Amino acid sequence: MKRLSEQQTKILFEKLSKYIGTNVKLLIDRSDGTYCFREMKSRVYYMSEKILKLAETVPKQNTVSVGTCFGKFTKGNKFILHITALAYLAPYAQYKIWLKPAAEQQFLYGNNVAKSGMGRITENTPMYQGVVVMSMSDVPLGFGVAAKSTNDCKMADPLVTCVASFPSEQYNIQRIVFSIHKTAMNRESIYFLPEGSTESTFCYDEDRPRLPLPKLDHTLKRYLESLKPFGTAEELENTKKIIETFRKGIGAKLQTILEEKAAKEKNWRVSSS
């Protein structure tokens, strides 16, 4: 385990200060002892000095990890924050955004969140400020950036993005799922039948009924209904105008494309590429 160089320390603290500001010093001088950062194989670990002394008794070639990994330095000497640091940074975060339950999964899968998915936001949060994203029950979910200031969020349309996710800052569920599917999800080799059976999991796909394609008006009506609990009368009226513009313009063209696809394929939701 090596001490961080002066340049590495500066880069690390600049990254941490984006989320917890001057509270960075509270990570070092804690009531339960003194803590420190150490670097090993480009990764930065956070631990107490007591743990560090014990770790020094382990041969370097046998050391895999010590303490909590806060992130790693890239070849370009940038610091990428890992999700494992969340539990330590969340209590000291100066700016937070709380998400409604319906928006949590959307954020965890690496997607941005619109105003309609926000429950609360810290007062006086600046635009582009690093934030810790929380559930309404105060469970830390991840790191993000405020795409709008607190005042702008209050005036924004329900569809406007207010929380930008940072998938590059954390190992999120989206990456895990993609990794599993990429390495193990082979359509031709997945079997859930007794050994020796000539049937495969997907051999009856062609016998399944076609997936119905909803009419555009029906989809837009349901979409508007889903927004009613989250917007004011003025916001909803503005949203109606946006929906109507979409219905008469690009929406009609996209619906035609889907109808053509549905006429040729049983499942219009699956990409043919």
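Colleague: Is Phe 37 buried or exposed?

Modeller: Phe 37 is buried, with a relative accessible area of 8%; buried means under 20%, exposed over 50%, and partly exposed in between (1.4 Å probe, protein chains only). This is a predicted model, where local features need pLDDT of at least 70 and side-chain atom pairs count only at pLDDT 80 or more, while totals for chains, interfaces and linings use all residues. Residues are numbered from 1 along each chain as its sequence is written, and side-chain values use heavy atoms, leaving out hydrogens and water.

Colleague: How many aromatic pairs does the structure hold?

Modeller: There are nine aromatic pairs. Rings of Phe, Tyr and Trp (its six-membered ring) pair if their centres lie within 6.5 Å; planes under 30 degrees apart count as stacked, over 60 as edge-to-face and the rest as tilted. Phe 13 and Phe 37 form an edge-to-face pair, at 6.1 Å centre to centre with 70° between the planes.

Colleague: Which parts does that pair tie together?

Modeller: Phe 13 lies in helix H1 and Phe 37 in strand E2, so the pair links parts 24 residues apart in sequence. Helices (H or I, at least four residues) and strands (E, at least two) are DSSP runs, numbered from the N terminus. Phe 13 is partly exposed, at 30% relative accessible area.

Colleague: And which charged end sits over the ring of Trp 98?

Modeller: That of Arg 120, 4.1 Å from the ring centre. The criterion is NZ of Lys or CZ of Arg within 6 Å of the ring centre and within 35 degrees of the ring normal.
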